[in-house]
Amino acid sequence: MLWSLLKILVFVAIIALLAFGAGLLMETAGGVQITVAGTEYTLSALQSVIALGVLVFGVWLFLKLLSLLVATLHFLNGDETALSRYWDKGRERKGYQALADGLMALASGEGRLALAKAARAEKYLQKPDLTDLLVAQAAEMSGDTRKAAEAYKRLLSNQPTRFVGVRGIMKQKLSEGDTETALQLAEKALALRPKHEEVQDTLLRLQAQAEDWAGARKTLSTKLKTGTLPRDLFKRRDAVLALSASKGILDEGATVEQQEQAIEANRLSPDLVPAAAMAARAYIAKGKKRPAARLLKKTWETQPHPDLAHAFAEIEPEESAAERVKRFDQLARLKPQDDETRLMMAELNIVAEDFPEARRWLNDLAERAPDARGLTLMAAIERGEGAGDKVVQGWLAKALTSPRGPQWVCDSCNHIHAEWAPVCEHCASFDTLSWKRPETPEVASLAAAHMLPLITGAPEEKASEAVEEAEVLESGQEPVSESQEQIKEPN
């Protein structure tokens with residue numbers, strides 16, 4: 001309010017001063033006399049002041065027009081001028097708007113629109129480090145892999161965008177199934193950005209698939225150093241890689257290095273069942289039976305597993321059935337109530353023909369957690385105790401349509417594996433296999449039918465008829481599917 005009043009007062013004062021000055025000039029005698037082409041012009045004092053103002057304005061206008069003419073000549077010549085900067089700003093404004101529209105279209109899933117906006121932004125901005133990435137991603141979304149690959153290759157020529165180009169081409173090769181090239185690109189990408197977690201995981205997975213265990217352990221160490229992997233998880237996965245490197249330990253040409261790697265794997269992760277079994281076999285190969293038994297007991301206390309029992313049996317391969325039962329009692333005392341312990345002891349007692357003791361170990365397991373292995377053992381116990389064919393066949397009929405029990409299952413895709421592996425054969429995930437019962441409904445294989453002639457003592461034709469009869473009796477349950485793993489006769 002006061003400021004507006006002050007501006008009005010100043011304006012009135014200026015007008016008053018101009019009017020006062022004009023009045024003084026009008027009262028002043030004399031003036032300016034100008035002669036042009038023999039003609040005299042006499043100007044009063046007021047007219048002289050006005051003429052001077054017009055002259056100054058004319059000179060200023062002439063200079064401005066002259067500078068505009070010079071700027072136009074420079075613009076036509078290609079030099080940077082205010083006029084060229086004006087047009088550049090206009091193009092830049094249009095380019096950034098097209099870039100923003102392209103990013104919005106990309107986020108909305110409109111690949112073709114994003115590609116069109118990317119081309120427009122490329123036309124106006126002339127900044128390939130900004131537009132090539134948008135072009136590549138928009139081309140991928142719209143299915144134009146060739147154009148995307150060209151854009152990624154252009155990004156390789158610029159140092160700040162080289163990593164983006166390598167990573168983009170790597171992902172393209174992965175989608176095409178070219179894992180060999182993708183592996184090489186992942187190594188280059190990791191060299192450019194050692195702390196990039198996605199590239200670390202991709203390289204580790206590809207190295208595991210290619211069985212490059214030394215390279216995978218190096219990548220795993222990089223993950224630990226950059227802080228993208230906890231130390232406890234690093235120890236387990238390092239053990240998995242060391243174990244994978246020693247997988248050929250049972251081969252005739254197994255080296256001392258492979259044996260040492262198996263022992264190192266068990267040292268890194270004592271609860272890793274395959275590592276414990278492999279390390280025990282390494283000790284057995286060296287003639288060190290006590291260390292083998294000690295580490296198997298330690299792992300059995302954490303997680304009883306059939307592989308541990310098999311390795312424990314290899315410590316004394318020549319012992320009798322009764323001696324084996326007595327020696328395996330050391331494992332049984334560690335986890336006496338565990339299902340695997342009870343199944344193991346039942347099998348051993350069946351081989352030793354101590355059927356009452358085998359039944360005692362199984363107890364209510366066949367009713368509480370029935371699976372093909374336990375039910376088949378019950379059939380063997382019934383046969384050993386002299387039960388009739390009907391009783392034995394009844395147990396085998398249940399075994400035919402019962403789950404197989406705990407198996408190696410991938411935590412990522414729930415794919416069931418016949419044996420442990422560092423990489424899932426279905427989804428290629430690294431270190432995701434766990435020993436557990438599958439979550440999906442599953443039935444045992446018809447391989448249990450091959451046990452009928454051995455247990456019932458009946459001819460194969462009669463056993464086959466018994467199987468068919470059992471299937472009819474069990475027709476209310478799920479149909480039987482063929483398994484990858486056969487139920488072997490206890491030995």
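The model is predicted: local features need pLDDT of at least 70 and side-chain atom pairs count only at pLDDT 80 or more, while totals for chains, interfaces and linings use all residues. Residues are numbered from 1 along each chain as its sequence is written, and side-chain values use heavy atoms, with hydrogens and water left out.

His417 sits in strand E4 (residues 416-417). Helices (H or I, at least four residues) and strands (E, at least two) are DSSP runs, numbered from the N terminus. I noted His417 as buried, with a relative accessible area of 3%. Buried means under 20% relative accessible area, exposed over 50%, partly exposed in between (1.4 Å probe, protein chains only). Not counting residues up to four places away in sequence, His417 touches Trp408, Cys410, Cys424, Glu425 and Leu433; contact means heavy atoms within 4.5 Å.

**Asp371.** I then went to Asp371, in the loop between helix H19 (365-368) and H20. Asp371 counts as buried because its relative accessibility is 5%. Its side chain reaches the backbone nitrogen of Gly374 at 2.8 Å. Leaving out residues up to four places away in sequence, I listed Ser402, Pro403, Arg404, Gly405, Pro406 and Arg437 as touched by Asp371.

**H20 and H21.** The axes of helix H20 (residues 372-384) and helix H21 (residues 389-400) come within 8 Å and cross at roughly 175 degrees. H20 is therefore roughly antiparallel to H21. Axes are lines fitted to C-alpha atoms, for helices over the stretch in contact, and angles run from 0 to 180 degrees between N-to-C directions; angles over 145 degrees count as roughly antiparallel. The residues of this contact divide into 9 nonpolar, 1 polar and 4 charged. I counted Ala, Val, Leu, Ile, Met, Phe, Trp, Tyr, Cys and Pro as nonpolar, Asp, Glu, Lys and Arg as charged, and the others, Gly among them, as polar.

**H13 and H14.** I found H13 and helix H14 (residues 289-302) packed at an angle of about 170 degrees, with their axes 8 Å apart. H13 is thus roughly antiparallel to H14. Val273, Ala276, Ala277, Ala279, Ala280, Tyr283 and Ile284 in H13 meet Pro291, Ala292, Leu295, Leu296 and Thr299 in H14. This contact has 11 nonpolar residues, 1 polar and no charged.

**Cores.** The largest nonpolar core has 74 residues, and those with the most contacts inside it are Leu296, Phe328, Met344, Met345 and Leu362. Helix H13 (residues 273-285) gives the largest share of this core, 9 residues. A nonpolar core is a set of buried Ala, Val, Leu, Ile, Met, Phe, Trp, Tyr and Cys residues joined through side-chain atoms within 4.5 Å. A second, separate core of 31 residues includes Ala98, Ala114, Leu155 and Ala182.

**Positive phi.** Most residues other than glycine have a negative phi. I noted Asn363, with phi near 50 degrees, in the loop between helix H18 (355-362) and H19. Asn363 is exposed, with a relative accessible area of 53%. Asp431 has phi near 55 degrees and is found in the loop between E4 and strand E5 (433-436).

Definitions and conventions. Angles under 35 degrees count as roughly parallel, over 145 as roughly antiparallel, 65 to 115 as roughly perpendicular and the rest as oblique. A polar contact is a pair of N or O atoms within 3.5 Å; within protein, one must be able to donate a hydrogen and the other to accept it, and residues adjacent in sequence count only if both atoms are side-chain atoms.
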